[in-house]
Structures are given as C-alpha cells and as structure tokens.
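I opened this notebook to record, one entry at a time, what I looked up and what I found. The structure comes first, and my entries follow it.

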Amino acid sequence: MQAGLTRRLFLAGGSASVALLSALTGKMGSALAADMIDEIHWGLPSVKDTMFVPRAWSTYVGAIMSLVQEGLLAFGDDLGLEPASADSWKQTDPTTYVYSLRKGVTFGDGSPLTTDDVIASYKFHMDPNSGSQLAAFFSSVDTVSASGPSEITVKLKSPNVQFQYTAAHMAGFLFKKSQLEGKIEDLGGPDMLVLGTGPYKLVEFSPAERAVLEARDDYWGAKPVAKRIVFTSIPDHQTRLLAMKNGDIDGTFDLAISEIDQWKALGNVDVITAPSLGMFAITLDHSKAPFDDVHVRKAIAYSVDREGLVKALLKGNGEAATALNPPEIWSGVLPVDAVKAFYATLPGYQFDLAKAKAELAQSAHASGFEITVPGSTADPYMINILQSVAENLKQIGITMKVQEVDDNTWLSGYFRHEDLGMQIMAYYPDFADPANYPYLFFDSANAAKDGMNGSNFKNTDVDKALDAANSEGDAKLRAEALKQVFKIANEDVALVPVFWPASAMAINKKYKLTGYTAFWYNIPWAIRGFGLK
C-alpha cells in the first residue's frame with residue numbers, strides 16, 4: 001500500500017442524526033441511446049459454484065452480484081455511505097438505525113421491494129442455522145422490524161460503530177423473501193437465479209464457468225450503458241492475458257501487479273490501479289499441534305521474506321506488512337504516520353532464518369515436521385507466496401507441501417474450519433474502518449465454522465478491546481483499544497501478515513471506467529462511470 005494515502009471516512013456516532021436525502025436520480029441521469037453498448041465480456045479469475053452471496057462470500061461473486069443486488073445503502077466513489085434502496089436513513093441513538101425505503105424500487109421480476117423482504121434478508125444472516133458466512137456482520141443486531149409501511153428500524157444489542165456499514169456491504173444485499181423461504185440449497189444455482197433490486201438481472205448461470213446479466217429498464221437509478229454483461233471464469237493469468245489481447249474479453253479485475261507491464265504492452269488495453277486496502281496473511285491453527293506452540297508460530301513468522309515478496313510479486317506496488325491492518329485503513333481514527341510509528345513498536349518478525357531456527361529449537365517440535373498448505377490457483381499471489389515460504393522453511397527443518405487447488409475448493413475448505421493447520425488468506429476491506437479486519441480475524445466468536453478466524457485465535461483481553469473499539473464513537477478511545485489488540489496479536493503471532501498490495505484492473509481502450517475503487521467488488525461498477533470513451 002502506498003504511504004500517505006488518505007481516505008474519506010463516513011462515521012456516525014453517539015446520538016448524532018445521519019440523514020442524507022437522495023438527489024441521486026437527478027444527478028445520475030440516463031444513458032443516451034447512442035452511447036448504449038449491446039454486450040461486453042468480462043473475464044474473472046473465478047466464477048463460484050453459486051451466486052448466493054451468504055454461501056459464496058468472495059470478491060469475484062461480489063463483482064457479479066453487486067450489479068444484481070444492492071442494500072439499503074451503497075458505498076460512494078469516496079468510500080463513504082450514500083442512499084440506495086433506502087432514500088434516507090438516520091441514527092436516532094447509539095443503538096438504533098432507521099431506514100426509509102425508496103418508492104418504486106423493484107426486484108428483477110417486477111415485484112416491489114417491501115419491508116418484509118428487508119426483514120427476511122437480515123434475519124437470514126441472524127439465524128444460526130442458516131450457515132451464512134456473513135453472520136458476523138449481524139452479531140450486534142437485537143431486532144429488525146417494520147416501524148412504518150416503508151420504514152425499517154434496526155436495534156442493536158449495544159453500540160457498534162461498524163454496523164453502519166452493513167447496509168452498504170454485501171452482507172446487506174437484499175433478497176426477495178419468497179426466495180429465502182424456498183428450497184434454500186437451490187438458491188443461487190442455475191435452477192433458482194437470485195433476484196435483486198440492482199441495475200442488472202441475472203439471466204443465466206453455469207456454476208464455476210459463467211454468468212450472464214441483462215440490464216433492467218425499470219431500475220430506479222442510473223440506467224446501465226451495457227445492455228448485457230457476460231462473465232467468464234479464466235483462472236490462468238496468461239490465458240486471461242491472451243483473451244484480452246485477442247478481444248475475447250473487454251476487461252478483467254484483480255491483475256497480478258507483477259504482470260502489469262505485460263498487460264500494458266498489449267496496446268489495446270488501459271491498466272487502472274488503485275490502493276486496495278487489502279492484506280495477505282498466513283493463519284496458523286492455535287488449537288492444535290504444531291501451531292499451538294508460540295515458538296513454532298514465531299519460527300514461521302521469521303521465515304517469511306516480506307520485502308522480497310513485495311519486490312518480486314508486487315514490483316514495489318505495495319508494502320511488507322508488519323501487522324494485519326494496512327496503515328491507511330485507520331483513517332479517521334489515527335493518522336497514517338502515527339500508525340506507522342505504533343507499528344514500529346510491535347514485534348515485526350523481519351525475515352531472519354537464524355532467528356527462525358532458534359525459535360524452532362525452543363519448541364516442542366525442534367526436529368521439524370511436515371505440513372500441507374492449500375492455495376488458490378485463481379489468486380495472483382497465493383501460490384508464489386507459499387512456494388517462497390516453503391523454500392525458506394526447508395532451510396530450518398520444516399517440510400511444507402504447497403497444494404494448488406481451484407478457488408472454490410480453497411475457500412470452502414477454509415470456511416469448513418476443519419483441520420485448518422496452516423492456511424493463506426487474501427482479504428480486502430468490507431469498509432474503511434480499522435476494526436474491520438481484527439474483528440473478523442482475531443475475535444473468538446469468529447473462530448468457528450463459516451468464520452474468518454482461521455487461526456482459532458482466542459484471547460479474552462482482545463475480545464474485550466474489540467468490543468470497546470466497536471462500541472466507542474470517540475476516535476482516541478477506539479485507537480487505544482485497537483492498539484491493545486495489535487500488541488497482543490503480534491506478540492502471540494495470532495497470524496503472520498505478509499503484505500499490503502495495490503490493486504489493478506484492465507479494460508479495453510475503447511471503454512472507460514472512472515469509478516474503480518478499493519471496493520470494486522462491492523459497488524455497481526458498471527454504472528459508475530463505465531461506458532464508451
């Protein structure tokens with residue numbers, strides 16, 4: 001992540017009223033007929049087995065379904081909150097949010113969005129039997145109810161600063177109640193295509209292969225420029241590059257930064273980069289041997305050549321990670337320079353094989369051990385990171401086999417939360433708030449099936465500090481609570497941060513996309529400045 005990046009953070013706290021009345025329809029306008037595009041083809045590193053977000057929470061599903069579904073709110077180009085299917089909202093006290101539904105919002109089948117649909121959508125995630133991978137975003141919710149014919153009121157169990165973003169996140173995507181009441185195992189598959197209130201309708205889906213969207217004429221907001229979008233799974237990086245060169249696809253997301261020069265050399269392509277606020281990290285299962293031994297965890301941490309990986313894989317377009325959070329995601333709570341100064345006080349485990357050997361020698365596994373670590377072949381960096389770590393671990397007596405698997409296999413294995421051992425995780429922000437990552441990866445509540453805490457890291461002091469960071473509106477107090485979290489996490493090697501990368505996408509030169517941001521997978525990107533040049 002480039003130093004000095006700033007983010008405008010929309011933050012509501014205390015009893016302040018946060019109400020934004022929508023003038024969006026007027027300012028967005030409609031696409032002129034002359035500017036309409038019949039069809040575009042978009043290549044993705046992966047298309048999942050389902051388009052039901054609660055069972056396939058990932059950036060690639062988001063890139064598709066953020067055009068089909070939307071929440072009560074949306075993230076703007078500045079990453080702040082703005083109205084979507086709700087035309088206004090307010091926080092009436094620290095634990096109460098009230099949303100007013102926009103008139104004329106309909107699902108892709110023409111049926112109107114109702115308060116019943118919103119309630120059913122939220123309660124699905126709140127149901128412990130639903131198996132929702134997004135349940136953590138609703139853990140603070142006490143009740144959700146209709147407080148008027150077109151009004152929804154959400155009451156929290158206690159103040160939670162992060163909840164304000166849920167209505168704009170994938171977790172807040174709205175479903176039609178009748179679909180959630182149907183055969184849920186079929187929802188998201190080709191026989192029960194998910195309906196949404198977004199600018200496009202999902203009309204065709206072949207699991208793990210492709211998805212086809214068609215523009216909706218009855219969408220309440222900006223009219224889509226592209227009438228039809230075809231998404232195709234192209235996991236191999238070079239095959240995607242060749243498809244772009246040949247004109248088989250018009251664009252793609254999630255380029256490997258190390259391959260940017262190859263994409264730029266195509267001639268018919270514009271490469272767009274942006275800070276990702278993302279992170280790559282290695283999780284180590286604290287609940288079982290050998291990673292229940294802190295000396296083993298420290299040996300692994302010292303064996304990761306972060307600086308070398310940034311140079312080799314990111315070509316300098318990113319930073320070696322010394323903690324879970326990229327410094328820029330603290331914006332609004334703590335200045336970047338202050339974050340970096342704080343990180344400098346933490347155990348950083350800079351690459352040092354001599355120290356790695358010394359730590360392993362102090363462990364209960366001094367003679368070494370064998371492990372197998374899965375990684376997604378669709379991700380631009382995972383396999384290369386793991387191969388580098390494996391080579392370094394070999395030198396201290398640990399044999400690590402890298403298991404290359406497809407993206408669906410990798411992610412489903414992580415969420416099953418069984419025999420986790422050592423894993424690699426790439427994660428990008430749900431919203432620009434410094435409690436986002438530590439809550440998901442360090443909180444004990446998320447060390448469970450469908451949770452993100454793949455290290456099974458549990459610490460009561462961390463849990464208490466995270467509760468304080470999530471409930472407190474004062475930036476200084478939040479910063480102090482989060483500092484405590486990171487001190488404990490780094491000392492105990494809750495996980496092993498690798499790097500904070502920039503992000504990049506490619507698009508055919510005849511098109512433009514001005515709305516590309518760190519949240520490209522969580523916004524309706526095809527109506528955010530996409531069109532002919």
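**Entry on strand β13.** I began with the pairing of β13, in a model that is predicted, and found that 6 bridges join β13 to strand β17 (residues 422–427), the two running antiparallel. Within this pair, I noted that M279 stands opposite Y427 in β17. I then looked at strand β18 (residues 495–508), which also pairs with β13 in the antiparallel sense, over 4 bridges, and there F280 stands opposite F499. Next I asked how many residues of strand β13 (residues 279–284) are buried. The count is 6 of the 6, so the strand is largely enclosed by the rest of the structure. In a regular strand the side chains alternate between the two faces of the sheet.

**Entry on an open sheet.** I turned to an open sheet of 4 strands, whose order is β4-β5-β7-β6 and whose pairing is antiparallel. The strands at its edges are β4 (86–93) and β6 (141–148), and each has a single partner strand, so one side of each is left without a neighbour in the sheet. From one strand to the next, the twist averages 20 degrees. I followed β4 to its pairing with strand β5 (residues 96–101), which is antiparallel and extends over 6 bridges, and I wrote down V98 in β5 as the bridge partner of K90. Helix α3 (residues 115–126) packs on this sheet, where it touches β5, β6 and β7 (151–156), and its direction makes about 175 degrees with that of β6.

**Entry on helix α14.** Which residues of α14 are buried? I listed V462, D463, A465, L466, A469 and N470. These cover an arc of only 165 degrees around the axis, which puts them on the same side of α14, whereas T460 and K464, on the other side, are exposed. The buried residues pack against α13 (436–442) and α15 (475–491). At the N-terminal end of α14 I found N459 as a cap, with a side-chain oxygen 2.9 Å from the backbone nitrogen of D461.

**Entry on helix α10.** In helix α10 (residues 353–361) I found L353, A356, E359 and L360 to be buried. Seen down the axis, these buried residues of α10 fall within an arc of 115 degrees, so they line one face of the helix. The face turned away from that buried side carries the exposed residues A354 and A361. I also noted that the buried residues of α10 pack against α7 (294–302) and α11 (382–394), and that D352 caps the N-terminal end, a side-chain oxygen lying 3.1 Å from the backbone nitrogen of A354.

**Entry on Q69.** My last entry concerns Q69, in the loop between α2 (59–65) and β2 (73–75). Is Q69 buried or exposed? At 1% relative accessibility, Q69 counts as buried. Beyond its neighbours within four places in sequence, Q69 is in contact with several residues, among them V53, F173, L174 and F175. A polar atom of the Q69 side chain lies 3.3 Å from the backbone oxygen of L174.

How values were computed
Residues numbered from 1 in each chain as written. Predicted model: local features only at pLDDT ≥ 70, side-chain atom pairs only at ≥ 80, totals over all residues. Heavy atoms only, no water. Buried < 20%, exposed > 50% of the residue type's maximum accessible area, 1.4 Å probe, protein only. Arc of directions from axis to C-beta. Contact = heavy atoms within 4.5 Å. Polar contact = N/O pair within 3.5 Å; in protein donor to acceptor, adjacent residues only side chain to side chain. Pairing = 2+ DSSP bridges. Axes fitted to C-alpha atoms, helices over the stretch in contact; angles between N-to-C directions.
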